[in-house]
Amino acid sequence: MAGGVFFLGQPVWQPTEQQKSRLISRWQDDKPLAEQRLELLRAEKKQLTELLAKRESKGDAVDQKREELVRQQSELESEQAETEALVTTLATRLDAFNPMLPPPLQSTWDNAAGDDSNNQLRLQLARLSSLKEFNERVTLHSMRLKPDNSPEDVLVRQLYLGASQAWFSSADGSYAGTGSVSDGEWVWRFRSDIDAGQILRAIAIAEKQSPAQTLSLPVSSVSAKGDVAP
């Protein structure tokens with residue numbers, strides 16, 4: 001058959017052309033909607049990209065904040081360790097100093113240790129504070145001391161001038177002496193060359209039971225080696 005190939009009386013290419021025409025027509029109808037959808041997809045993609053960028057930026061900020069907190073924590077831990085080492089050193093030095101303190105102050109330090117043993121810094125500051133206060137005032141105290149070559153103790157009144165010098169006398173003036181540091185510890189010495197009356201008058205003045213007056217009391221000097229000379 002001349003003029004082309006036929007199938008059931010129609011050219012083979014005719015249905016194909018018809019389909020092509022319908023597809024072109026449909027594409028022309030759907031093109032605006034497709035372009036609109038494409039524009040929406042592009043806008044959505046842009047929003048997602050910006051959102052991800054913001055999240056990454058926030059993530060960087062969070063990481064920086066976390067690193068800063070870790071750095072600060074490390075510094076605080078280092079400072080705390082240094083403070084604890086200093087407090088331990090201070091406590092050791094004060095413990096070594098304890099035997100050289102007057103008995104009333106030793107008692108104060110011992111009581112402070114029992115009351116606040118869980119806070120070493122506060123404890124050491126309390127001990128230093130009590131030492132400063134004791135060293136800046138006149139303190140009166142009573143206790144029993146054992147005279148040389150005597151089987152019994154005697155009750156004496158004591159007058160402390162700061163934390164380095166003290167005098168004592170029995171109520172009747174039979175015994176008198178001084179207190180000071182010798183060989184790294186506080187020592188009481190009974191002395192027959194001291195006027196007990198002067199000590200008792202000084203105690204009366206400190207108690208405001210007697211008017212102020214000039215008194216002469218012996219002072220013990222301490223050498224660099226810790227030896228005491230009357």
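Reader: How accessible is leucine 125?

Author: Leucine 125 counts as partly exposed, at 48% relative accessibility. Here buried means under 20% relative accessible area and exposed over 50%, with partly exposed in between (1.4 Å probe, protein chains only). Please bear in mind that this is a predicted model, in which local features need pLDDT of at least 70 and side-chain atom pairs count only at pLDDT 80 or more, whereas totals for chains, interfaces and linings use all residues. Residues are numbered from 1 along each chain as its sequence is written, and side-chain values use heavy atoms, leaving out hydrogens and water.

Reader: Where does leucine 125 sit, and which patch residues go with it?

Author: Leucine 125 belongs to helix H3, residues 120-135. Helices (H or I, at least four residues) and strands (E, at least two) are DSSP runs, numbered from the N terminus. Together with Leu121 and Leu128, Leu125 makes a nonpolar surface patch of about 240 Å². Patch members have over 30% relative accessible area and no salt bridge; like charges are joined within 9 Å, and nonpolar side chains (Val, Leu, Ile, Met, Phe, Trp, Tyr) within 5 Å. A salt bridge is a side-chain nitrogen of Lys or Arg within 4 Å of a carboxyl oxygen of Asp or Glu. The areas come from the Shrake-Rupley method with a 1.4 Å probe, and for residues only the protein chains shown count as cover.

Reader: Let us turn to asparagine 98. Is it buried or exposed?

Author: Asparagine 98 counts as buried, because its relative accessibility is 14%. Its place is in the loop between helix H1 (13-97) and H2.

Reader: And what does asparagine 98 touch?

Author: Leaving aside residues up to four places away in sequence, asparagine 98 touches Gln106, Trp109, Asp110 and Arg127. A contact means heavy atoms within 4.5 Å.

Reader: What about threonine 108?

Author: Threonine 108 is found in helix H2, residues 103-115, and is partly exposed, with a relative accessible area of 38%. Its C-alpha atom is separated by 9.3 Å from that of leucine 131, which is 23 residues away along the chain.

Reader: Now the sheet. What is the strand order?

Author: The order is S3-S4-S5-S6-S7, an open sheet of five strands with antiparallel pairing. Strand S3 (138-145) and strand S7 (185-190) are the edge strands, each pairing on one side only. Two strands pair if DSSP finds at least two bridges between them. On average, neighbouring strands of this sheet are turned by 25° against each other, direction ignored.

Reader: How many bridges join S3 to S4, and what packs on the sheet?

Author: Eight bridges join S3 to strand S4 (residues 154-161), and the two run antiparallel. Leucine 140 stands opposite leucine 159 in S4. Helix H4 (residues 196-206) packs on the sheet, where it touches S3, S4, strand S5 (165-170) and strand S6 (176-182); the direction of H4 makes about 105° with that of S5. Axes are lines fitted to C-alpha atoms, for helices over the stretch in contact, and angles run from 0 to 180 degrees between N-to-C directions.

Reader: Which non-glycine residues have a positive phi?

Author: Examples include asparagine 149, with phi near 55°, and aspartate 183, with phi of about 55°. Most residues other than glycine have a negative phi. Asparagine 149 is in the loop between S3 and S4 and counts as exposed at 85% relative accessibility. Aspartate 183 is in the loop between S6 and S7, and is exposed, with a relative accessible area of 60%.
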